Amino acid sequence: MPKRFRAIFWVSAAPLALIASGQAFAQEAAQQSASSTASPQEGSSQLADIVVTAERRSSSLQRTPIAIQAVDGGALQEANVSKPVDLVKLVPGLSVSRGFGGLNNIYVRGIGAQIINAFGDMAVAQSIDGAYVARGTALSGAFLDVARIEVLKGPQGTLYGRNATGGAINYITNHPDFETSAHFDAQYGNYDAVDLKGVVNLPFNDKIAMRAAVGFIKHDGYIERTGMDDQNTVASRVSLRFEPSSDFSIYIAGDYSRDHGNGVGQVVMNTTATHATAITADPWQGPPLGFYAPANYDGTLQNPGVGCTLLPGANQCVPPNTVTYNPNLYGAGVGGYALNPDTVGRWAPGSFLNNSTWGVSGQFDWRGPGFTFTFLPAYRHTLANWVNPAGGYQTIIRTPADQQSYEARLASDGNGPLKWLVGLYYFRETQDPFERYWNFNQVPGGLITNQGYIRRDYHLADTSYAAFGQVTYSITPELRLTGGLRHTYEKKSISGLFRIGQPAYTDIGGTPFCPVGVAGTTYNLPTSECIVPSNDSRSWKATNWKIGVDYDIGPRSMVYANVSTGFHAGGFNDGVNAPAGTFNYKNSYEPESITAYALGTKNRFLDNRLQLNVELFYWSFKKKQNGALSVLYPPVVGFPILNVGNLKEYGADVEATFLATPDDLLTANLSYLHSRFDNYVFTPTSQVTCPAIGMNPILHIPIVDCAGKPVPNAPMWNASLSWQHTFHLPGDSTIVAGVRSNIQSDTDLTIGAPAFAHQKAYQITDLTLTYKAAEDRWSLSAYVNNVTNSQVFNNAQQSFNSGDRTWWGNILPPRTYGVRASVNF
């Protein structure tokens, strides 16, 4: 265990001493039930309770011995949370970058998966009402009429299985109840922002009830010149609850959502700056609309570039070529051809976003003598449909995905010293990616591809089976032991074609560079296409386990410790394996695994007015997966998923909530993270600060090792602070004023980031003011988000057009403000 971790351990363990000395505080409220959320009970001077289902059974958050943060629907509305990236302001240790086409790349404590195509799987499992959601574009409707969101930190390999090495996020929607009610919410703000939501709950009798919700969110693009980073979302959900008897219940839900608009945008970054910043004075001004003038292309005609073999040395290309040879482009003595300065930094017009998803799911519960049987079937169809020129590619994506899952669980009723749960799980997903990337792409160091496009036509299939169980035994009323086990079988297959072509790309001798004869690869001279077939399948097995102990050291205080493992499935990339001795590229990647250690404590003090939770953790990854801008084989720039090496993390989370008076609620959540790669070897085509450990003999590209570099989007310090005060008015109405700040230390936006791709420390502050009528019949709110108009980036990459030195960045929204009215019936 590193010395630094030991020091943090002892410093963070101080609350344990406080607990031991402060048990008298907890004794004051021994007769009260456990409570566990950062909001007071209505009309009470104590913190309220919240029940979570993180461990597949209902339990108080404060009595659940894992790191979990739950945010209720009211807090989500006050913070204007309508998509995953908005959650960052409420959950320290969580980061989200919006990828091309509305993809949501979600990270917990720096662990996630950077996904830009159909090949990758999220490393933080997403579930809506217990049903796993495989695609990051399928989460638009998850925030509609949501009761709470549970964020679980750390691997959930036993109960959640595959693809939960970083953690899990559960979206729990409001279910029908047996009281007639309705709710309507309307919001308007700058950028012509409109947010409308309506909910109706209708019981038919004392056994059947229905709930329907619909929402519409629209705002103009935050990036001025291109109109990008807009939103146009429609979401709906209808659910039915049927309880024919006290022992049997059925819940069925159907949902639909779609995202339209221009899509996710980027701005050009200032590569002469000492930290991440836009090249324009107004960062949200954005790049001008226009087209690149790529190498060997005059804007109207394909030009094969006769006499332009680009041997290292003086530029041999003739107009209209727009590349210039630089003998030190990639470092001293490492030359390459770069696009001329007047050809970069433009945003091609024609972007659009037209994603959609719909799904049906159910939960069937039968309560038998001493146990409950639960069955959860689910089906979801997702369509990723978008055009976007981000990163230097003009990209067209149309990928339908269909998934089905079935989970059956048998759980004890919780009475007696033994609590147990066993289950079976089945998952099946198919995707048919239709992907086109237009690019005039130059691989550095004396090789120019001049490719017109990359084209993918695949059929992908993923099948997973699992059996799992978890047991908790109370040795004494205060001391409990927990053990869990899960065995998973995973099989993935790929079939179809990968094409690169037009105009023909050449090696440094001027002949077609295509691995003809390798795995059936062919070169079509008339169309200048290199065609690489893929027809493969692979399977993996994994057994994950968990061992834990928790102990009540007081009526409202517990300590816990656990060790657990996790498994992130392997998969496929484009092309074929690179020949030995060239560079490290494989057309498939292996699973990553994690072993995680945690020591924590959860407490209530001061007559249930002060909540203090602390967790220390240490994570060790093997064969860590990461998407990186790199070279494919054939030698084409892409974004393959690689097993880059091993990774170790350690840190601490501290969550404090204090109801200082019945009208004053303060929260302070702090996260510390130290995250470094043991080794990270790859062949980059973007600028990195990692040392070279070799040179590719064919491509003349350095091979680097980013050992010791921090994980991107993993700040060392992250804090969320808030204060809320309630003013009481005549007639039982109130005014609630709130301020919330998210503070983050500096962080790299990409692996081995140069200075200009390093986000400096920042603070984003939001303000709210709400008038609530008596009995919460209606309310009127005003809000300002990002009061200081802070410029914050959460993603960066060099243009995929590898001869192009432009760096593009995703920037968080500017200052937004507006008013909101709500009515309850």
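1. In this predicted model, Tyr 465 has a relative accessibility of 43% and therefore counts as partly exposed, since that class covers what falls between the buried limit of under 20% and the exposed limit of over 50%. Tyr 489 belongs to the partly exposed class as well, its relative accessible area being 27%.

2. A search of the whole structure for aromatic pairs returns 19 of them. In one of these, the rings of Phe 143 and Tyr 171 have centres 5.4 Å apart and planes at 75 degrees, so this pair is edge-to-face. Because Phe 143 lies in the loop between β7 (131–133) and β8 (146–153), while Tyr 171 lies in strand β9 (residues 167–173), the pair ties together parts that are 28 residues apart in sequence. Both Phe 143 and Tyr 171 are buried.

3. Tyr 465 and Tyr 489 also form an aromatic pair, and this one is tilted, with 6.2 Å from centre to centre and 40 degrees between the planes. Tyr 465 sits in strand β23 and Tyr 489 in strand β24, so that the pair links distant parts of the chain, 24 residues apart. These two tyrosines belong to one aromatic cluster together with Phe 364, Phe 375, Tyr 406 and Tyr 426.

4. Two arginines are placed over aromatic rings. Arg 56 lies over the face of Tyr 160, at 4.0 Å from the ring centre, and the charged end of Arg 436 sits over the ring of Phe 434, 3.8 Å from the centre of that ring.

5. The largest nonpolar core has 41 residues, and those with the most contacts inside it are Met 269 and Phe 793. Several strands each supply at least two residues of this core, among them β15 (267–268), β19 (371–388), β26 (529–554) and β46 (807–811). When neighbours within four places in sequence are left aside, the contacts of Met 269 include Ile 279, Leu 749, Phe 756, Phe 793, Trp 807 and Trp 808. A second, separate core of 29 residues includes Val 81, Leu 90, Ala 138 and Phe 143.

6. Leaving aside neighbours within four places in sequence, Ile 115 is in contact with Leu 103, Asn 105, Gly 120, Asp 121 and Met 122. Of these, Asn 105 is 10 residues from Ile 115 in sequence and 6.5 Å from it in space, C-alpha to C-alpha.

Conventions
Residues are numbered from 1 along each chain as its sequence is written. This is a predicted model: local features need pLDDT of at least 70, side-chain atom pairs count only at pLDDT 80 or more; totals for chains, interfaces and linings use all residues. Side-chain values use heavy atoms; hydrogens and water are left out. A nonpolar core is a set of buried Ala, Val, Leu, Ile, Met, Phe, Trp, Tyr and Cys residues joined through side-chain atoms within 4.5 Å. Buried means under 20% relative accessible area, exposed over 50%, partly exposed in between (1.4 Å probe, protein chains only). Helices (H or I, at least four residues) and strands (E, at least two) are DSSP runs, numbered from the N terminus. Contact means heavy atoms within 4.5 Å. Rings of Phe, Tyr and Trp (its six-membered ring) pair if their centres lie within 6.5 Å; planes under 30 degrees apart count as stacked, over 60 as edge-to-face and the rest as tilted. A charge sits over a ring if NZ of Lys or CZ of Arg is within 6 Å of the ring centre and within 35 degrees of the ring normal.
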